[in-house]
Amino acid sequence: MRELEDLFQERLERLEAGEPLELCLKGLPEQEAGLLKFAAMLRQAPYPERDPARATSQRSSLLDFAARQASPHIEIPELYQEGWEPAWLSWLRERLDWLLSRKAFAGSLAVLVVFSLLFFASLWLGASRLPLRDTSWVRSQEAPAIAEAPLAEVDRPVPGLPAAGGTGADSVADGRRPLVNAAETNAPAQAAAKPGFTAFIPVVSLPLNLNPQTAAIQDIQGIVEVQTSDGKWAAVNRVGTVKAGQRVRTAKLSSATLTFFDGSTAHLGPDSEISVDKLDAQLPQDGFRTIVLTQWVGESEHHIEFRNDRGSLYEVNTPAGSGVARGTTFRVLVTPDLRARFTVIEGKVDVTNLQSTVSVVAGQMTTAMAGRAPNAPHFRVSGEGEVSQIGDIWIIAGQEFQTDENTVIIGNPQVGDLVRVEGHLGSNGERIADVIILLHHAVNNRFTLTGEVTDMGASTWIVAGKTISISTDAVIDDTIVLGSLVRVDGVIAADGALVAESIALAEQAPGLPFNFTGVVQIIDAGAWTISDKIIEIVTDTVTTDGIMEGDLVEVRGWIMDDGSWQASEIKLVHEDEQEFTFIGEVETMDPWLVAGIEFETRDWTVIEPDIKVGDLVRVTGSVLPDGTWVAATIDLIDGDSDLIIVLVGIVESMDPWTINGITIVVDENTTFSGDISEGDLVWVEIQLSPDGTWVATSIRAINEEFGQGCLWVSAVVVGVSGDQILLKNWPPIHLDDDIKVEGEIKEDSVITFQICILFDGTIIVGDIIVIFQPVIIIVPAPPAPPPPPPGSNSNGNDNDNRNHNG
Amino acid sequence: MLDLSDAELVKRAQGGDVNAVGALYDRYQARIFRYVQSRVFDGRLAEDLTGEIFMRMVINLPSYRATGAPFASWLYRIARNLVVDHHRKEGNFMSLPIEYVANMHDGRQHNPAPVVERQLEMERIQLALERIDEMQREVIRLRFLVGLSLQEVAETLDKTVAAVKSLQHRGLLALRVALKLQ
């Protein structure tokens, strides 16, 4: 078989190189010859041509776009460009190549060498701060659009917001917060005037053009914005920069990392805002590092490069105090009521307010409030585990945690569920829980029940003989009556009670249920976009009043048979109830990256086996307070391998099933909706079987039972009569003033249009677009035969006639 | 500009040369459109997606590195991902003009005009393509509709040349059978 494939490929390549087909066919076995002819036919198949005007217009737009992109250009560092690396690096690279070619040996050693090489190269480049070969060329790549504000504007107040250098923190802090003055801004201005250079910063995934007066905004998730010098907020897409006088903020379920020139980083969690007050992050050999930030709200985590000098400063101001560190890792939380919590992971941080300073060391935290000195630090405790007891005393992962009125419990966790707990040690060593967050419902904590409703009380129902508690959040179909067959989904409470989350008529569930929490991005009349998902809004959709773009909402509804997501309820949720569900392609698995979203897994994360890079998966989980996304489940879902063909047409016969002249196989798996008779208009979903048969997976009558929905159809025009268009295998369409027509409709035109079906069965036709216009070809009359030569036979040449007919 | 290799054009485009971006567009736009059209069955949509693919090309050019894989493969990966995204967002539905479907199925062709015949021939091939294995289909599309080389297809699909050769062979066999069944 392999030989035949090789032979076929050799001939195909000759054909593609321009050799005549006849020559390429010589000596080929019959089957391969047939395939080659087939391939030749495919190569000459009549491919659709582009509209030249459209292509030209698109090209013009593309070039404009490219020109705009040229400014914030991310450059490949010259470290990797040919002809520049020093001899020792070339030698090392050759040895590395050799190692990599030894498969059995390469493995971990090669990876170790690569990382070592990159590490030392980055250190070496950072230490020597080599001006690279063509600095003028590199300079031209600097100065991204958002970093254009002159340094003199550092203290300029921003309309509608407190001045970058004052208010907020100043009003409550102890006055030690430095102000930016002209002398201080002079140094960075001089530094900025130096020739630009490309820096490769350790721990940064992308090399960026930076200088000590700018910080990169990276690892962006969700909505991240930077405030420009004119006070406007501009969204940052993949990467951006920020400098002194600017602010960065994140929306719900969003996060970003600021990376400074010396390698220090500040990671912003969801719903956070930070201003860069002073920024001159010089490398140790070049001077002091000065980074002064003000965190107005939200959460941040700071990793600070250690500096063994007394002149460097890394300071995070908050409305309730300031934290100063030299080289450490710490977190800052600022709540809307202006309380600040400093938690130290490594090293030491001095927290100051009202001229009182406490030193917080690794493992400790302190809380500061406006107008008060910081609390004495106490040790923090956090972890994740299974709940085995709830109440005043919770037992999580076998450890006791006390709760009180200040404990925040998110997600109504029950015994058996997995939670994250964060807290601190009390004066007697007891563990006190500050927050308990549901991470994952225990599988055996949920139930699904289908049965007849025999009692409908205010707080409990009886379904299939079981007592069901009705929670206040339960979504209940209001058409359910006593005797209805219903499906109940819910959780099993700690006391064994069955608590319903949703109850729907079993035979009328319009599709698969969905439920997720996301950020509202676009609100339109008929559809909202929530966390990149388009959600249809119908008349029955219940929404909380006052929802605005940017709000965090919980959406429940049904995935309809046509693939659309229809909301039954959208409600505002508490900002801490941050659960997510999304679908995307697996980009990497260590760390996990799906659809551009990086998330973590835990021992308890349920991951479907055999998932690999490139697969389409559904991920569900929770967003931790620090912005970390933790997956609870990762399920493989089919990609585009299960394409379904949708037909809309007239039922011509039902035994066998024929729709619009097409014979459809109907088997025991085919589902039917509505009363269907011959002559009815139906919606059919068809799966192509491997043997070529067309098997209907569902047939639905298009009438009032179809419910609200729209679909696109295409049809051939068989006649036009006044304002009526007659279509093949389709009811006539009556044109009115509301229907716009793009193109000229005439007989044999192929048109496409959208129809929407209302609940009362009314069909509304949308705009009509002519997608194909018949071409009238005038066939010229055959030329008159030449007059026969004198004396010839009037019957002509018989052989010629046979050839033409043959 | 026309005589420059892909690698040279890419390098210039990465350096901010807008004309190089234009040259890359000129070189690939027709084939990219053909590929997209073969997967979405909708000329207007294919036009839009083609434009978006080149936008993504511009956005991602700075991170593209010439590692030996042809630029064409990189570009077709962008195209492929975008089309997959599109199908995902649209709920995996493939919408075909109903009349063409009917014609394809029972073999009736009502309009003898050559233009229509050509279009129907293309539709016939596309419908038959939908009946064969997904990976074989992708190889056939990239090899014969788009005109990529075996090497380029292998890079695009992350497969070996030998695997692509095999998929091509089996795909052609399957496609021929599928066309005969229509």
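Helix α8 (residues 150-157) of chain B is mostly covered, with six of its eight residues buried. Helices are DSSP runs of H or I with at least four residues, strands are E runs of at least two, and both are numbered from the N terminus. Buried means under 20% relative accessible area, exposed means over 50%, and partly exposed lies in between, using a 1.4 Å probe and protein chains only. The model is predicted: local features need pLDDT of at least 70, side-chain atom pairs count only at pLDDT 80 or more, and totals for chains, interfaces and linings use all residues. Residues are numbered from 1 along each chain as its sequence is written, chains are lettered from A and ligands numbered from 1 in the order in which they are written, and side-chain values use heavy atoms, leaving out hydrogens and water.

- The buried residues of α8(B) are L150(B), E152(B), V153(B), A154(B), T156(B) and L157(B).
- D158(B) is not a glycine.
- D158(B) sits in the loop between α8 and α9 (161-181) of chain B.
- With a relative accessible area of 61%, D158(B) is exposed.

**Chain A overall**

- Chain A holds 10 helices and 50 strands.
- Chain A has 806 residues, and 46% of them count as buried.
- Among contacts in chain A with a separation of 6 or more, 55% link residues 24 or more positions apart. A contact means heavy atoms within 4.5 Å.
- Accessible areas come from the Shrake-Rupley method with a 1.4 Å probe; for residues, only the protein chains shown count as cover.

**Salt bridges**

- Side chains of opposite charge can pair when their charged atoms come close.
- A salt bridge here is a side-chain nitrogen of Lys or Arg within 4 Å of a carboxyl oxygen of Asp or Glu.
- The count over all chains is 24 salt bridges.
- R143(B) and E16(A) meet in a salt bridge, at 2.9 Å from N to O. R143(B) lies in helix α7 (residues 134-146) of chain B and E16(A) in helix α1 (residues 2-16) of chain A, so the pair joins two chains.
- R143(B) is buried, at 3% relative accessible area, whereas E16(A) is partly exposed, at 31%.
- D6(B) pairs with R27(B) in a salt bridge, with the closest N and O atoms 2.7 Å apart. D6(B) is in helix α1 (residues 6-14) of chain B and R27(B) in helix α2 (residues 18-40) of chain B, so the pair ties together parts 21 residues apart in sequence.
- R27(B) counts as partly exposed, at 27% relative accessibility.
- In chain A, salt bridges that share partners join E10(A), R11(A), R14(A) and E19(A) into one network.
- D309(A) forms a salt bridge with R307(A), where the closest N and O atoms are 3.6 Å apart. R307(A) is buried, with a relative accessible area of 3%.

**Negative surface patch**

- D723(A), D736(A), D737(A) and D738(A) form a negative surface patch.
- Patches are made of residues with over 30% relative accessible area and no salt bridge; like charges are joined within 9 Å, and nonpolar side chains (Val, Leu, Ile, Met, Phe, Trp, Tyr) within 5 Å.
- Lys and Arg count as positive, Asp and Glu as negative; His and the chain ends are not counted. The place of a charge is NZ of Lys, CZ of Arg, CG of Asp or CD of Glu.
- D738(A) lies in the loop between β47 (730-734) and β48 (741-742) of chain A. D738(A) counts as exposed, at 66% relative accessibility.

**Buried sites in chain A**

- F342(A) belongs to strand β13 (residues 339-346) of chain A. F342(A) is buried, with a relative accessible area of 0%.
- F342(A) and R331(A) are 11 residues apart along the chain, and their C-alpha atoms are separated by 5.7 Å.
- T328(A) is in the loop between β11 (321-325) and β12 (329-334) of chain A. T328(A) counts as buried, at 3% relative accessibility.
- Not counting residues up to four places away in sequence, T328(A) touches H302(A), H303(A), I304(A), V344(A), E346(A), G347(A), K348(A) and V349(A).

**Backbone features in chain A**

- The peptide bond from D590(A) to P591(A) is cis, with omega near 5°. P591(A) is in the loop between β33 (579-589) and β34 (592-594) of chain A.
- The peptide bond from D655(A) to P656(A) is cis, with omega near 0°.
- D271(A) is not a glycine, yet has a positive phi of about 55°. D271(A) counts as partly exposed, at 25% relative accessibility.
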